[in-house]
Amino acid sequence: QVQLVESGGGLVQPGGSLRLSCAASGFTFSTATMSWHRQAPGKERELVAHMTPDVGSTNYADSVKGRFTISRDNARNTVYLQMNSLKPEDTAVYYCKAVSWLFGVRRDYWGQGTQVTVSS
């Protein structure tokens, strides 16, 4: 059974930091492409950061470049999102996503999300 469990969300003041974690199980984590997405109220879900499984290439939404960092620990089957210099517009539910390939079949998995609120 595949599980992606996010944690680390919460309430933080503007300019503060949070570190999100996503613990994965039920598939081969080391070969999966991992990403973080977010969805603010009334808006579509958007890609925040993405990391490939091979050389660990990353890419980020323009709105978070220089402030957010995605990383992964294959030994712990965990992907992280370090968020610094947080702004009110970063407020959203953050979701972890895995794209896994098995026998040529692509499988997409989503976590349940964790709320991040940036407010004074």
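How many salt bridges does the count come to? By the rule used here (a side-chain nitrogen of Lys or Arg within 4 Å of a carboxyl oxygen of Asp or Glu), the count comes to seven. The close-ups below come from a predicted model, in which local features need pLDDT of at least 70, side-chain atom pairs count only at pLDDT 80 or more, and totals for chains, interfaces and linings use all residues. Residues are numbered from 1 along each chain as its sequence is written, and side-chain values use heavy atoms, with hydrogens and water left out.

**View A. Phe27 and Tyr109, a stacked pair.** Rings of Phe, Tyr and Trp (its six-membered ring) pair if their centres lie within 6.5 Å; planes under 30 degrees apart count as stacked, over 60 as edge-to-face and the rest as tilted. That rule gives two aromatic pairs. Here the ring centres are 5.4 Å apart and the planes meet at 25 degrees, so Phe27 and Tyr109 are stacked. Phe27 sits in the loop between strand E3 (18-25) and strand E4 (33-39), while Tyr109 belongs to strand E10 (residues 105-110), so the pair ties together parts that are 82 residues apart in sequence. Strands (E, at least two residues) are DSSP runs, numbered from the N terminus. Phe27 is buried at 12% relative accessibility; buried means under 20% relative accessible area, exposed over 50%, partly exposed in between (1.4 Å probe, protein chains only).

**View B. Tyr95 and Trp110, an edge-to-face pair.** Take a look at the angle: the planes are 85 degrees apart, with 6.4 Å from centre to centre. Tyr95 is in strand E9 (residues 92-102) and Trp110 in strand E10, so this pair links parts 15 residues apart in sequence. Tyr95 is buried at 14%, whereas Trp110 is partly exposed at 36%.

**View C. Arginines over ring faces, at Trp110 and Phe29.** A charge sits over a ring if NZ of Lys or CZ of Arg is within 6 Å of the ring centre and within 35 degrees of the ring normal. Arg45 lies over the face of Trp110, 4.6 Å from the ring centre. Over the face of Phe29 lies Arg72, at 4.7 Å from the ring centre.

**View D. Salt bridges, including Glu46 with Arg38.** The closest N and O atoms of Glu46 and Arg38 are 2.7 Å apart. Glu46 is partly exposed at 35%, but Arg38 is buried at 6%. Lys65 bridges to Asp62 at 3.1 Å, and Asp62 is exposed at 65%. Arg76 meets Asp73 at 3.0 Å, N to O, with Arg76 exposed at 59%. Finally, shared partners join Arg38, Glu46, Arg67 and Asp90 into one salt-bridge network.

How values were computed: Helices (H or I, at least four residues) and strands (E, at least two) are DSSP runs, numbered from the N terminus.
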